[in-house]
Amino acid sequence: MHRMSFGDKMLSWSIYFLLSILAFVTFYPFWNAAVISFNNGMDTVMGGVTFWPRDFTLDNYKIVFEDSRLVNGFVITLLRTGVGTLLSILATAILAYGMTKQELIGRKYYMIMCIVTMYFSGGLIPSFLLVRELGLMNTFWVLVIPGIISVWNMIIFRTFFLGLPGGLEESAKIDGCSNWGVLFRIVFPLSGPVLATLSLFTAIYHWNDWFMPSIYINNVDLLPIQTKLQQILNSNIMSEQMSQMDSAAKSHMEQMKTVTSKSLSMATMMVATVPIMCVYPFVQKYFVKGVLVGSLKE
């Protein structure tokens with residue numbers, strides 16, 4: 001076994017030390033937010049709550065889960081993420097598969113038109129007018145349809161599909177398989193890494209997006225939890241947030257006297273963040289293979 005020199009050991013220790021500091025700086029804000037969410041809100045105001053809850057309580061989470069508005073926002077977020085990711089990946093993959101066909105008339109022009117949209121957009125006002133004319137205002141589908149096609153994901157899909165052996169498709173068509181059959185029975189099963197990776201990226205976009213609902217939705221029952229979290233974080237006084245809660249949660253909150261706007265926002269942030277974080281371990285192994293193969297192989 002090759003023995004490391006003193007200089008190599010010092011270099012390795014320095015790298016580990018710097019990476020440890022970077023990991024701490026990255027992870028600590030999230031950990032501190034979790035600690036505050038489990039700490040008595042009035043005790044948090046005194047300061048000094050850093051690594052562990054000083055006065056442990058679940059009152060903050062009780063307020064979150066007893067407020068029907070926040071629970072409804074969480075359900076809307078789950079539905080949007082599930083439906084939006086499924087439709088977006090399906091539509092984008094179908095478009096990418098069509099773009100791989102040499103016999104498609106005007107294929108290069110379609111590709112140019114798609115790429116142009118990556119650099120230029122109509123802007124917020126034209127988009128708002130278009131959504132309004134389509135009748136999508138204050139509907140669930142305004143959270144899904146406007147972003148159903150991602151050109152960047154389409155390019156990755158297209159490049160990945162071009163890298164698949166052409167003989168597979170030819171053999172399937174000889175056996176009587178249609179283009180739809182080739183896509184769903186041959187191409188999709190072989191595209192697991194890129195499907196998993198782009199599905200995660202799309203799900204994260206739908207889960208974290210708060211801006212689009214704040215523009216296109218006025219019905220509070222259709223607002224996702226991220227938009228409601230943003231409203232909580234922008235509240236200057238606790239009474240403003242309490243006025244938006246249902247009577248049951250409000251009366252319960254007045255009884256506890258332990259919840260502040262900061263502790264409530266931290267608890268809401270944990271509820272809105274932890275679920276999507278739990279998805280990462282299941283698709284992390286696909287990241288390098290899915291993105292690099294899909295973006296570099298041509």
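**The largest pocket and its surroundings**

Tutor: In the lining of the largest pocket, 20 residues are nonpolar and eleven are polar, while no charged residue takes part. This description rests on a predicted model. The lining comprises 31 residues in total, and those nearest the centre of the pocket are P146, G147, I148, I149 and M212. The volume of this pocket is about 850 Å³.

Several helices contribute to the lining. At least two residues each come from α5 (107–119), α6 (124–133), α7 (151–162), α10 (192–208) and α11 (211–216). Among the contributors, α6 provides the largest share, namely five residues.

The second largest pocket may now be considered, with a volume of about 250 Å³. It is lined by 13 residues, and F161, L164, P165, G166 and E169 are the closest to its centre. Two or more lining residues are given by each of α7, α8 (166–174) and α9 (179–190). Here the largest share belongs to α8, with four residues. The lining of this second pocket consists of eight nonpolar, two polar and three charged residues.

M99 is located in helix α4, which covers residues 68–99. Its relative accessibility is 3%, and because this falls under the 20% limit, M99 counts as buried. Beyond its neighbours within four places in sequence, M99 has contacts with L104, R107, Y110, M111, C114, M154 and R158.

Finally, the chain as a whole provides the setting. It contains 17 helices and zero strands. Of its 298 residues, 38% count as buried. Among contacts in the chain with a separation of 6 or more, 73% are between residues 24 or more positions apart. The chain exposes about 17,400 Å², and 68% of this area is supplied by carbon and sulfur atoms.

Terms used. Residues numbered from 1 in each chain as written. Predicted model: local features only at pLDDT ≥ 70, side-chain atom pairs only at ≥ 80, totals over all residues. Heavy atoms only, no water. Buried < 20%, exposed > 50% of the residue type's maximum accessible area, 1.4 Å probe, protein only. Contact = heavy atoms within 4.5 Å. Areas by Shrake-Rupley, 256 points an atom, 1.4 Å probe, with all protein chains shown as cover. 1 Å grid on protein atoms, 1.4 Å probe; cavity = no way out; pocket = protein on both sides within 12 Å on 5 of 7 lines; lining within 4 Å. Points joined across faces, edges and corners; volume = space filled by probe spheres on them. Nonpolar A, V, L, I, M, F, W, Y, C, P; charged D, E, K, R; others polar.
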